[in-house]
Structures are given as structure tokens and as C-alpha cells.
Amino acid sequence: MAALAIRPACITRVLPGSIAEEIGFEPGDSLVAINGQKPRDLIDYRFLCADEDLALEVLDQRGKTHHIDIEKDIDDDLGLEFETALFDGLMQCNNACPFCFIDQQPPGKRGTLYLKDDDYRLSFLYGSYLTLTNLLPQEWERIAQLRLSPLYVSVHATEPEVRSRLLKNARAGQILDQLAWFQQQRLQIHAQVVVCPGINDGDHLETTLRDLARFHRGETPAVASAAVVPVGLTRFRPQDDELTPVTQAQARQVIAQVQALQNELRQQFGTNFVWLADEWFLIAKQEVPAESHYEDYPQLGNGVGSIRQFLKAFEQSAEDYLPEAVSPPRTLTWVVGNAVEHAFEPIVDRLNQVKGLTVHLAALASDYWGRDMTVTGLLTGHDLLLGLRHRNLGDALLLPTVMLKPSDSGDPQDTLFLDDMSVATVSQQLNCSVLPVDDTDALVKACGGELPAHQLAALQPAAGYWTPS
């Protein structure tokens, strides 16, 4: 891969009370260099800013260059936020995994939905998964030099021929040698295995998990944990992809297989090490494990334990913020994916114990993606209009923000679902206000807190979008 050009890092926010605000930085300015070095990314920026004496080259909004010298304490942050974490551009994926969600979308949507990243920097900074197949020698050297650990790696299979078949990349078969490199460097990864029935399940899954467990040894295990995730398929996927959805019977078989291995590994390591995503239990129509099972939630980003954590967080939020009664009375509709309908029934029951409060759970499948069982984050504007149009939604819609991404404009009214429909459009077409909720605190506050003035005046459905205080 050719070297990417390093662009000046565009500043989008200057934190109040920060060194940068005191100096006079403004959004729209660009950081060109620190002590003569052009930072490639947020990692370089943080590393270079650790010095006490900084010589900054800055380009202001009018294109004028400024040279600024700063003396600060070694741990002080400048207080700048940037347009992107990668100043030299995104390292894109060179694999052709048939189960890749990016390739299972319809054409013609906004461009950012089709970016296939395989960038170790995003893995280190934000926990996104990469395959290690496109790293040049200098990038391996940088990982070791800067001690970029842990990284998050999509393994899927450790047998070379099976992994190469899944990733459609001959270099994918080097995974065991790469894990040995992490072990030699005393660096760590968290691994994920997306199970595709008939390809990497059964004996192949057993081999993969046992191979990964061999690297969970010593003070700094190279493989800190492994998650097992069911393949997710949409109606837009290629017809010749060899993939089939996970059935209830297959889910139960994988659960039994992995739980047997967990019992064995607990005896050996004192930890489960390998974890099942919550979706396995939803597909199998089994209860998710108890909270104590998940230890310190090492694979929460893969949906391992997210239901139990949400239920626990709700209990605390209800204790902190849920009143005994609300006035005036209100009726709200909480939209979730139908995969969590049963799991979230206790939350709805608790909310409905509040005098004057009625909460209806609208658990929807996704017609847009063609999925019988849908996690909340995949619901689209199309699905909400189809599933809610003929329902009495009450005074407002409780909308989990996990469904949403900001639009290019940054205007909350233009916040978009995965099908490019805006929240404002859904609100208007359903003739119902929308309450975005990003966690259990926001959910409880939206249900039991004070309503905005326009709804206090008359609790009638009115298209609008507001954030509860």
C-alpha cells in the first residue's frame, strides 16, 4: 500500500478552560506540526504532546501560518478535538469476507456507510476490529515501538485454509504466526470469531478456540479474550456467498460447545476466556447468563453481556431518577429490536409502576434488512414507519440513539438511520415527538422527568425532536 499523504489536522472543538483556548485556537484552525513533526493521527498527536516544550505550526482559517511555543506540565492536554482521528486517511480493508456487513447494504446511500476500514489505529483508539492482513512491515514496527495494545482482531478461524476461505485472502492464513509475534512483543489482542454455519463451526470452531487459548498464558497473555458471534445476514447480500443464517438448533449447539470449553478453561486459567455474544441466547430462546458470569465484561463491544449490563444499569437509574408519579399523565412508546423483547419486559413492568406513566414496548423486526430477529441498532427509519404507522404511539417515541448516526450537516434534526432517513422525517410522518435516549439514565429521565413546555401545555402528539434534560 502506498504511503498516505498527511493532511493538517482540522480542529473542530477547543475545550473550555484549556491551554488551547487560552492561546486562542478556534474551530476551523488546523494543526500542521508539533516540534517539527507532522502527526499522522491522534496517536502521534498524543505522543508528541507529552513533551513539556512544544513548538506548534498552525494554519488558521484564513490560511495564515502561525508558529507557537508552549511550556506546560508533561501530562497536560492541549484541549483540542479534531475532525478525524486519522490525519493521513483511512487504511481500508483488502479482504472480501462474504459476511461483511458493508457488502450487505443496498447501493446509493451516503458514502460513509461503505467505508471498509482495516486500520490498527482505530482498533487501538476505539476498539474496532481488524484482520492484520494489510499491515506493512513499518506498521508492525510502529505497533511495537508505541506499544499499541490491546488491539482487536477478527480471527474467525486459525486453520490457514479455513481463514483464507472466509477472508478471500491468501495472507489470512498467517494468523498463528501473527499471534506468536504479539506474544513475543508482550502485546495483547482481543479476538472475535464470527461463526458461519458449515464453514468455521463444529470441529473448526473447537480448533480455533483452543488455538487462541494457547496464547492466553503468562503475565501478559497475547490473547486476552475471545468472543464468539453469530453471522448476521441481510437480504442484500450476494446470492453466491455460501452463507446460511444461524438456526435455533445451531445456536443451542454452539452454546453447549462453548460452555463446555468455558468450564474447562476456568479450571485452567481462572477465567472463561471465551465468551458468547448475547445474540446466541436470543436466537436459541434461552436466558442470558447471570451477571456474575461476565467477570469484567472484556468483550462488551461484541455484545457479550450487554443485556445484563443494561438491566443492571437500569436498576441504578430507576433508583436515582424514577419518581413515584408523573404529572400530567403521559403515554410513551419505546422502540427496540425484537431480539430483546423478552429481556426488556422487566424494565417496562417497572416503568409502568409509576403513577401516571404508561410505556408500551414496540419490538420490531427489520423489513429493510430482511431479518426475522433484529438487534436494536439495525432498525431503520423504514422499519419504524412500517411497524409504527398504525399504532397509537401516545405522547412521544423513546428512540435508542444506537440506531442513529449524525448527518454531514451536524444538525440534530438531520440525524440519520442506516437507511439515510432522518429522525425529523420519521417524527413528521408518524406525527409524534421523538425522545432520543442514549443510556438508561436518559431512558428513565425521559419517562419520569419534566417534559418540555410545548408538551406540558398540551400532551398531544406533535412532530418534534428534543433531548430530555
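I take buried as under 20% relative accessible area, exposed as over 50%, and partly exposed as in between. The model I am reading is a predicted one.

**Entry 1: Thr-65**

I looked up Thr-65 and found it in strand β4. Is Thr-65 buried, partly exposed or exposed? Its relative accessible area is 38%, so I log Thr-65 as partly exposed. I then listed its contacts, leaving aside neighbours within four places in sequence. Glu-57, Val-58 and Leu-59 came up. I also took a C-alpha to C-alpha distance from Thr-65 to Leu-282. The two are 57 Å apart in space and 217 residues apart in sequence.

**Entry 2: a charged patch**

Which residues form the negative surface patch? I noted Asp-51, Glu-52 and Asp-53, then Asp-69 and Glu-71, then Asp-73, Asp-75, Asp-76 and Asp-77. Asp-75 sits in the loop between β4 (65-71) and β5 (80-82). At 72% relative accessible area, Asp-75 is exposed, because exposed means over 50%.

**Entry 3: salt bridges**

How many salt bridges does the structure hold? I have 16 in my notes. I followed Arg-121 through this set.

Arg-121 pairs with Asp-41, and their closest N and O atoms are 3.0 Å apart. This pair links distant parts of the chain, 80 residues apart. Arg-121 belongs to helix α3 (residues 120-126), while Asp-41 belongs to the loop between β2 (30-34) and α2 (42-48). I checked the cover on both. Arg-121 is buried at 0% relative accessible area. Asp-41 is buried too, with 0% relative accessibility.

Arg-121 has a salt bridge with Asp-119 as well, at 3.0 Å from N to O. Asp-119 also counts as buried, with a relative accessibility of 0%.

Next I looked at Glu-264 and Arg-210. Their side chains form a salt bridge at 2.8 Å, N to O. Glu-264 is in helix α8 (residues 248-269) and Arg-210 is in helix α7 (residues 203-213), so this pair ties together parts 54 residues apart in sequence. Is Glu-264 buried or partly exposed? I read 37% relative accessibility, so Glu-264 counts as partly exposed. Arg-210 is also partly exposed, at 34%.

I turned to Ser-317, in helix α10 (residues 306-321). Its relative accessible area is 2%, so I log Ser-317 as buried. What does Ser-317 contact, leaving aside neighbours within four places in sequence? I found Leu-322, Thr-440, Asp-441 and Val-444.

Helix α14 spans residues 440-448, so I looked up its burial next. Why do I call α14 largely enclosed by the rest of the structure? Because 7 of its 9 residues are buried. The buried ones are Thr-440, Ala-442, Leu-443, Val-444, Ala-446, Cys-447 and Gly-448.

Notes: Residues numbered from 1 in each chain as written. Predicted model: local features only at pLDDT ≥ 70, side-chain atom pairs only at ≥ 80, totals over all residues. Heavy atoms only, no water. Patch = residues over 30% accessible without salt bridge, like charges linked within 9 Å, V, L, I, M, F, W, Y side chains within 5 Å. Areas by Shrake-Rupley, 256 points an atom, 1.4 Å probe, with all protein chains shown as cover. Salt bridge = Lys/Arg side-chain N within 4 Å of Asp/Glu carboxyl O. Lys, Arg positive; Asp, Glu negative; His and termini not counted. Charge placed at Lys NZ, Arg CZ, Asp CG, Glu CD. Helix = DSSP H or I, 4+ residues; strand = E, 2+ residues; numbered from the N terminus. Buried < 20%, exposed > 50% of the residue type's maximum accessible area, 1.4 Å probe, protein only. Contact = heavy atoms within 4.5 Å.
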